[in-house]
Amino acid sequence: MSTTIDEMRWKAVVARDARANGQFWSCVRTTGVYCLPSCAGRPKRENVIFAARRADAERAGFRPCKRCRPDRFVSGNLSERLGAIDWSRVTTDLNQNGWASLGRILNDSECADLIDNYDTPDCYRSTVHMRRHSFGEGEYKYFSYPLPPLVAELRTKLYAAIVPVARAWTGQTYPADHADYRRQCKAKGQTRPTPLILKYGPGDYNRLHQDLYGDEVFPIQIAILLSQPGKDFDGGEFVMTEQSPRKQSRAMVAPLEKGFAIAFAVNERPKEGARGTYKVKMRHGVSEIRSGSRYCLGIIFHNAI
Ligand SMILES: [Fe+2]
Ligand SMILES: [Zn+2]
C-alpha cells in the first residue's frame, strides 16, 4: 500500500472532493460503511481504509453509506461499470437464489432518455397491452432492430458477462459472442428482437410469468429499473417465485432502484440439494403500482419467433 496514494485520498476526503468520486472508496471501520470521497460524514483518519474498487469494499464486508449512497454512484462507460461488478459474487447469488443484483449500471440521464424514447414509435416493433392477453395491467413495447445503441451494448456486454453461468446451468455450449448466439436463434426461426420497455401506472401489475419465445431459451435475463421507487412511483416490487418439486413456492423480492439491474432465471435453473442437483422453476412479475409511473427495461438474450 502506498502511503502517498492514501494521503492524497485522505486529502480528497477532508476536502469532500466530488471529483474524486468513483476513483476510490473510503471504508470506515468503526461503522462498517463505505463512502464516496465527497461524503458529508466526518470519519477519523485512523478509522478509514481505502478501496480502489467498490467490489473490494463490499467483499471486505462494508455496506454502502446511507448518507452519500456510494452504491448509487455510476461513472465511466458501460464497459467500466460492468467491469467493476463482482461477477463471482453474481455467480454465487445466481446459483443460490436464481437471481443476483448487478448494482447500478445506468445513470439518471440514460434512464431518462430511455423513458423519453418510449413514445417514439419507430423504435419499437410492437406494443403489448397486458390486459388483452391476461398478462396483468399495463403495457410494454418490444424494440425493433437496429436496437438503440445503449440497449444493443447492454445486451451484447451483459450476455458476454453472464454466459459462463448459462453454460454451467444447462451444459449447453452457448457461443461467447451474442452475434453468434443470435445466429443460433435464427436457425430455430427466432429472429425478432426481445428487449423491451415496460410501463406501469397506478393499479398496474404484471402476473408471474416466464419470458419464453420459442424453443431456444437463454436461461438468464436482465431487468433494469428506470424509475425511482418512493419518488417516481410507489409499490411495484419486482417479485420472483421458485417452484421446487413437491414443495410450495418460495417468493423473493428484489430490491431495485433507478438504474439498478438484476439478473434472474428465465425458467429453470439447477439447485444443489442434499441428494444432488435438481431443477427449480422460476417465475417473475411485478406487484401492483400504488401511485406514479414505473418504467423498466428488460433485456432478454434469445430472440422471438
Ligand atoms: Fe418478464
Ligand atoms: Zn457516506
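Reader: Where does Ile 222 lie?
Author: Ile 222 lies in strand 11, which runs over residues 220-225. Strands (E, at least two residues) and helices (H or I, at least four) are DSSP runs, numbered from the N terminus. This is a predicted model, in which local features need pLDDT of at least 70, side-chain atom pairs count only at pLDDT 80 or more, and totals for chains, interfaces and linings use all residues. Residues are numbered from 1 along each chain as its sequence is written, chains are lettered from A and ligands numbered from 1 in the order in which they are written, and side-chain values use heavy atoms, with hydrogens and water left out.

Reader: Is Ile 222 buried or exposed?
Author: Ile 222 has a relative accessible area of 0%, so it counts as buried. The term buried means under 20% relative accessible area, exposed means over 50%, and partly exposed is in between (1.4 Å probe, protein chains only).

Reader: And what is Ile 222 in contact with?
Author: Neighbours within four places in sequence are left aside here. Ile 222 is in contact (heavy atoms within 4.5 Å) with several residues, including Leu 102, Leu 158, Phe 264, Leu 297 and Phe 301. As for Val 266, its C-alpha is 9.2 Å from that of Ile 222, and the two residues are 44 apart in sequence.

Reader: Which residues touch the most other members of the largest nonpolar core?
Author: They are Leu 154, Phe 218 and Leu 297, in a core of 69 residues. Helix 6 (residues 149-170) contributes the largest share of this core, 10 residues. A nonpolar core is a set of buried Ala, Val, Leu, Ile, Met, Phe, Trp, Tyr and Cys residues joined through side-chain atoms within 4.5 Å. Another core, of 12 residues, lies apart from it, and Trp 25, Val 33, Phe 62 and Cys 68 are among its members.

Reader: What does Phe 218 touch?
Author: Not counting residues up to four places away in sequence, Phe 218 touches Tyr 159, Ile 162, Val 163, Ala 166, Tyr 174, Tyr 181, Val 266, Phe 301 and His 302.

Reader: New topic: which residues coordinate the iron ion?
Author: The iron ion (ligand 1) is coordinated by NE2 of His 209, OD of Asp 211 and NE2 of His 284, at 2.1 to 2.2 Å. Along the chain, these donors follow the spacing H-x1-D-x72-H. Donors are N, O and S atoms within 2.8 Å of the metal (3.2 Å for Na, K and Ca); water is not among the atoms, so sites may look incomplete.

Reader: Where in the chain are His 209 and His 284?
Author: His 209 is in strand 10 (residues 205-209) and His 284 is in strand 17 (residues 276-286). The pair links distant parts of the chain, 75 residues apart. Both His 209 and His 284 are buried.

Reader: Stepping back, how many helices and strands are in the chain?
Author: The chain has seven helices and 19 strands. Its C-alpha trace spans about 60 × 50 × 40 Å along the principal axes. Of the 305 residues, 50% are buried. Among contacts between residues at least 6 apart in sequence, 73% join residues at least 24 apart.

Reader: Which residues of helix 7 are buried?
Author: In helix 7 (residues 178-187), the buried residues are His 178, Tyr 181 and Cys 185. Seen down the helix axis, they fall within an arc of 55 degrees, so they line one face of helix 7. That arc is taken from the directions from the helix axis to the C-beta atoms. Helix 6 is included in what covers these buried residues.

Reader: And which exposed residues does the face turned away carry?
Author: The face of helix 7 turned away from its buried side carries Arg 183, Lys 186 and Ala 187. Just after helix 7, Gly 189 takes a positive phi of about 80 degrees.

Reader: Which residues other than glycine have a positive phi?
Author: Arg 16 is one of them, with a phi of about 50 degrees. Arg 16 is found in the loop between helix 1 and strand 1 (25-28), and its 33% relative accessibility makes it partly exposed. Ser 134 is another, with phi near 55 degrees; its place is in the loop between strand 6 (124-129) and strand 7 (136-137).

Reader: Last one: which residues does a cis peptide bond join?
Author: A cis peptide bond joins Tyr 145 and Pro 146, with omega of about -5 degrees. Pro 146 is found in the loop between strand 8 (139-143) and helix 6.
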